[in-house]
Amino acid sequence: MKITRYLLLAGLVFLYFPLLVLVIYSFNESRLVTIWTEFSVKWYLELLEDRQLMDAFFLSLQIACSTAFMSVLLGTIAAYVLVKLGRFPGQTLFSSMIIAPLVMPEVITGLSLLLLFVGLGNWLGWPASRGAMTIWIAHVTFSVAFVTIVITSRLREMDSSLEEAAMDLGATPLKVFFVITLPLISPALISGWLLAFTLSLDDLVIASFVSGPGSSTLPMVIYSSVRLGVSPKINALATIFVGLILVGSFVFWWSMQRWARYSAAKTPGQQ
Amino acid sequence: MKGVFAHKFWVVVWPYIWMLVFFALPFGFILKISLAESMIAMPPYSDIWSWSDGHFTWLGSFDNYRFLLEDDLYYLAYFNSLRLAAVSTVLCLFVAYPMAYGISRMEEPYRSLFLLLVILPSWTSFLIRIYAWIGLLKTNGLVNHFFMSVGLVDEPLTMLHSDFAIYLGIVYGYLPFMILPIYANLMKLDHSLIEAGYDLGARPWKVFLTIILPLSMSGVVAGCFLVFIPAVGEFIIPELLGGPDTLMIGKVLWQEFFVNRDWPVASAIAVVMLTFLIIPIYFYRRLEMKQLGVGE
Amino acid sequence: MNDAEVQYAVEVVNLSKHFDDVAAVDQVDLKINKGEIFALLGGSGCGKTTLLRMLAGFEKPSLGDIKINGVSVLNSPPYQRPVNMMFQSYALFPHMTVEQNIAFGLKQDKLPAAQIVARVTEVLGLVQMEKFRSRKPAQLSGGQQQRVALARSLAKKPALLLLDEPMGALDKKLRMQMQLELANIIESVGVTCVMVTHDQEEAMTMADRIAIMDQGRIMQVGQPREIYEFPNSKLTAEFIGSINLFKAVVTGGELTCAELPGQVVAGEANAVFEGPCYVALRPEKIRLDAARNLDATNCAAGKVNDIAYLGSHNVIHVRLDAGAGQGKIVQVHVSNFARHATQTFDFEQPVVLSWDRDAVVLIKADQP
């Protein structure tokens, strides 16, 4: 059906038009976002001088990186358990806890985690204060769900006879996991890592609940500036974001295409 | 067999403990605090029981829930959230389905390129993407500028701070979550079924209604859950695009917590929201497990 | 349209299909009679499936025309052609019952409900699946699914029935049984049928006529017997059954075979031509005897190289002795008439091969 092509293009225009406007006006000299005066990069320079913003950026980066690693670690185990180990006691509870964070409204997750941290802090003395550590825990908790889904679908697609072959050739289960399974699901591990990284970098609501004084993440700083209205500085920041993601993704897509063609050329007989 | 079980146990235990402590246990705390009373202290709530000299005293109350019932603000906020989320979900479906279908019918490498184009925006900041609409929808924003310069309207339209802006924001923000499961389902669809439909005399539109749509239904339902459930508790969209009188329960909870600093009432709001959502979440989980092909 | 005027159910005229400069189907002409089961036989990538899909309307030809009952269907989309197809995967709608699957096509014609029910019952009876009418496809075995798929494609009484690798999804044992059953049902209905297969046995069992395809072209069209006994090219000879080929040449009407000792004499049924050719001998048409004196014509000596016991017959590979064709391996089939074979062969036993002149097929060697 031809019409779906046009609707698809219309949908893409809908998705990208606001971002395009954002990018264009980040180079506008004027503070007013709707009137174009002249080309300027002054908002970018101001961005670099904003210490609060830069601090928040580095904090977010740290949290996002460590969130991604922990989520992939837990997500891999969780996916392996779901796919390979069959039934076990408490499986329903386990799968519910893995799936539910995908759709759980952020305000609920944020509030409940804060109450947990406060409660535990009073009761056990841990965590003594809230900050990067509690944000990290919160981010891992909801990222694990996404990572688990990504890895689970990859594990399901994987030909289990490869593992059986390795086992048949004398590899222990642990060896099989590290030498066969892990390399085969590595694309899913990478996408899971990137997914957890962007989810963490993106989160405003949950971080707002569980962060403490002095630990503001980038979205929190952006939010406090955005609620006061449109600011060209935020446009500049958004442009950097969009630019990085766009370039990164296209490099990724392009290399995947190259890789696909390369491996297709190496294995004749397969289309 | 004991050895195998022990091996299983040590593998399963880590994510299990993590999710138990940081995902399940907090609901216990929310439930507990919702029964407490707000007070000026740190933390700002009372105990719901006391234990002294071997005496157990129950101090909790359902006052917070009673309070939610008495003030129609909360009732309206819940109702509004469900309504806005439901309408936006349907709108989102209508935008997403043709897009997912269009991509699924493409040839490689264009298919993966267009899929990437659809997902890409969601990798940039959600906050920034919603913020982008402020400049467009404002009374003196770009859209109004455009409309007035082509003579479509004489006076600027009020688009920001309205239900319209909320619908737009939810559709815009959650579009990839609707497209992806539908796309995944359409990709699984055996193309010869569509050809068989044509072969037996069904016209394209009929083939769509009788074969493609029913067979991609589980993707549609999964997409609807993925949009509807989080949208009910959405905070950023009503905060940035909605008006001061836009009532959505996520925003009310936020204000209760951050502005009024009434943690017990915020907790009670969360508990009530959760009871609304527990059924859709349950069905979503079943669907997701089935899609993943994980045994139940 | 007067039936007597239209001779053929299907006419394919100079049909070609190009995919990016590659001709998947190359200038094909075919005439298919009414009520005939016609098989397109060839290896993968020979263009048989593309040809079938053009008949169904799923591919648009690059050149040429397709007429069904004398009317060009080139501009009709698949849903308007009087053609129904049984898909290789059966393509049964998984969300509909057997009954709903079969009724699907009839509903598109907006037939009255009672008529639909009657027709569904009729075709279900035809394939003996009445008992399963309210089952879903997933609850049926492979053979049952195939019957439903056939019933569905017969329900609309198409002018042309297409079968795409009809036995492709069945296991070997079931194939033999279903081949005959399917052919019987199709013949009893009297529908014209074009089937695609890569399995020569399937084509020979089911079809009235066979077209051998290679690289988008039709190599030979004929009844199974004709194609087997009189292959017109090396390719068809090798594709159907097994065959021994010996390089030869005809000069001035005289046949000289460089790969066989002695003189080779061919029967009169062969075409008369000049130039390089092959002497082709089917393995079952060669006699095998213990060592004896050689005849003057159509005879060769050798030693047993390999023996395979296949139950119904033995396949014996004979290595030719010194002289023309030394060392060449010739395949011979020896039937097992009796349980205790009177004549047995051992490895390296000297033997003599001989054959009738009518067994010799001469194939022109102009096609590689």
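Rings of Phe, Tyr and Trp (its six-membered ring) count as an aromatic pair if their centres lie within 6.5 Å; planes under 30 degrees apart are stacked, over 60 edge-to-face and the rest tilted. The model is predicted, with local features requiring pLDDT of at least 70 and side-chain atom pairs pLDDT 80 or more, while totals for chains, interfaces and linings use all residues. Residues are numbered from 1 along each chain as its sequence is written, chains are lettered from A in the order in which they are written, and side-chain values use heavy atoms, without hydrogens and water.

**View 1. A ring cluster with members in chains A and B.** Ring pairs join A:Phe209 and A:Tyr223 with B:Tyr45, B:Phe235, B:Trp254, B:Phe257, B:Phe258 and B:Trp263.

**View 2. The edge-to-face pair of B:Phe23 and B:Phe27.** The ring centres are 5.3 Å apart, with 85° between the planes. Both residues belong to helix 1 (residues 2-34) of chain B (helices are DSSP runs of H or I, at least four residues, numbered from the N terminus).

**View 3. The edge-to-face pair of B:Tyr97 and B:Phe208.** Because B:Tyr97 lies in helix 3 (residues 72-104) and B:Phe208 in helix 9 (residues 204-215) of chain B, the pair ties together parts 111 residues apart in sequence. B:Tyr97 is buried at 7% relative accessibility, and B:Phe208 is buried at 13%.

**View 4. The salt bridge between B:Glu195 and C:Arg53.** The closest N and O atoms are 2.5 Å apart; the rule requires a side-chain nitrogen of Lys or Arg within 4 Å of a carboxyl oxygen of Asp or Glu.

Terms used:
Helix = DSSP H or I, 4+ residues; strand = E, 2+ residues; numbered from the N terminus. Buried < 20%, exposed > 50% of the residue type's maximum accessible area, 1.4 Å probe, protein only.
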